[in-house]
Structure formats: C-alpha cells, structure tokens
Amino acid sequence: GELGLRAAGDVDLLVKKADVVRAVAAGTRCGLVPPEYEMPLPWLRWTHFHTKLAPTGDWACEVEIHWALHHRSLGLTVSQDELWQRARPVKVGSATARTLDPLDRFLHVATHLDSHALKPLGHHWPALRDALLAEPRAAVRLKWYVDVALLCERLSVTVESAEMAARILDWNAAPAMRRVLGIAADL
C-alpha cells in the first residue's frame, strides 16, 4: 500500500559470498562506510552473516550487506543456492535487482523475528507486548509482528498449505514458525 506507513530503519542486501568485497566497495563509493565499532570484514565473513555500512551524511540510511539470511547457529537449513534460484526480478529505479520469493521472504521475516524476540523473551505474548510498549527503542519492533501477520494473510490465498509446510521443513523452521504464528494469530 502506502510506503510511508511502514518506516524502514535500514536496507538489507543479500549478495553471493564471493561478491561481498565488491558490494562493500560499491557502497563505499556511494558514501557508505563501516561504523567505527564494526569488526573487520575478513573476520565478519568468517564468523557472521552480514556487515553494516553507515551513511557519511544524513541523505541515506544504513545498509546491511548479507551473504547469508541468518547466522548458522540458528540451525536453519535453507540452501543459499535455492534462495537465488527462487528469487524474482524486481525493478529498482532503472536497475534490475532480485527479491526473495514470497514464501522465502515470509519465512525470513518470521525466523528473524523469532531470533530477536521469542527465544530470549519466551513466547508469552502479554509479557512480550508489555516489554515492547514499555520501551520504544526495544530490540524487537511491533511492526515486525504486523509484517508477519500481513505476509501470512497474503500467502494464505496464493500458496497451498502443503507447499508452505514443505518449505518450512526445508528451512528447518518448524519451532520458530510455531512460536511466531501463535502470536501472529493473536494479532
């Protein structure tokens, strides 16, 4: 709908691991630099799954360059090659980029929410809701729950439940999806 209704704090780009150095160099040429606290890129590529680039002025937002969707410690088993094969072309200005397949996007948003909120805080919705409302700069945003609910609603009319279940199993995301969908249903 209206883009202004859903504020974004940063832009996430998924690139192939072999293209990370080139992507960071391109960002640097555009005025995006690693924040002072950021670990060196070789260390991050070995231990993490993304690096941050911050704007040198107030004209842009932070960019995260990902070479994987999630940290391997989460135990999610989605194949990066399969993500690339299912990705869909999208126009960004005059350039063509790729975006995640809608079902992969849904699973990514849900597992991202789960990794930030539900494991550390548990799945008790009233306590989590109270924590979100008490701290406006909490690590978890209520808009993430709304994103999950909206994506689930949209997919329910375009994706068969058997296909969704198979993809959840392919990602090894069943525990995360139980937690996230339980709360999304309450919304």
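The tour begins with the whole chain and then turns to individual elements.

**The whole chain**

Display the complete model as a cartoon, and bear in mind that it is a predicted model. The secondary structure comprises eight helices and six strands. The protein has 187 residues, of which 34% count as buried. Among contacts between residues at least 6 apart in sequence, 58% join residues at least 24 apart.

Select residues 10-14 and 32-33, which are the edge strands β1 and β2. In what order do the four strands of the open sheet lie? The order is β1-β4-β3-β2, and the pairing is mixed. Each edge strand, β1 as well as β2, pairs on one side only. Strands of a sheet pair through backbone hydrogen bonds, either parallel or antiparallel.

Next, select residues 20-29, helix α1, which lies across β2, β3 and β4 (62-66). Helix α1 runs at about 5° to β3.

Show the side chains of this helix. Val20, Ala23, Val24 and Gly27 are buried in α1. They cover an arc of only 100° around the axis, which puts them on the same side of α1. An α-helix has 3.6 residues a turn, so residues three or four places apart point the same way. The buried residues of α1 pack against β2, α2 (41-47), β3 and β4. On the face turned away from the buried side, Arg22 and Arg29 are exposed. Just after the helix, Gly31 takes a positive phi of about 90°.

**A charge over a ring**

Select Lys16 and Trp84 together. The charged end of Lys16 sits over the ring of Trp84, 5.3 Å from the ring centre. For aromatic pairs, a search of the whole structure finds zero.

Move to residues 88-92, strand β5, and to residues 95-99, strand β6. How many bridges join β5 to β6? Five bridges join them, and the two strands run antiparallel. Lys91 stands opposite Thr96 in β6. The hairpin has two residues between the strands, and Gly93 takes a positive phi near 65° there. Strand β5 is hardly covered, as the count of buried residues among its five residues is zero.

Finally, select residues 161-171, helix α7, and continue to α8 (174-186). Within α7, Met164, Arg167, Ile168 and Trp171 are buried. Seen down the axis of α7, the buried residues fall within an arc of 105°, so they line one face of the helix. Ala162 and Leu169 are exposed on the other side of α7.

End the tour at Asn172, in the loop between α7 and α8. Is Asn172 buried, partly exposed or exposed? Its relative accessibility is 43%, so Asn172 counts as partly exposed. Asn172 has a positive phi of about 60° although it is not a glycine.

Methods: Residues are numbered from 1 along each chain as its sequence is written. This is a predicted model: local features need pLDDT of at least 70, side-chain atom pairs count only at pLDDT 80 or more; totals for chains, interfaces and linings use all residues. Side-chain values use heavy atoms; hydrogens and water are left out. Two strands pair if DSSP finds at least two bridges between them. Contact means heavy atoms within 4.5 Å. Axes are lines fitted to C-alpha atoms, for helices over the stretch in contact, and angles run from 0 to 180 degrees between N-to-C directions. Buried means under 20% relative accessible area, exposed over 50%, partly exposed in between (1.4 Å probe, protein chains only). Rings of Phe, Tyr and Trp (its six-membered ring) pair if their centres lie within 6.5 Å; planes under 30 degrees apart count as stacked, over 60 as edge-to-face and the rest as tilted. A charge sits over a ring if NZ of Lys or CZ of Arg is within 6 Å of the ring centre and within 35 degrees of the ring normal. The arc is that of the directions from the helix axis to the C-beta atoms.
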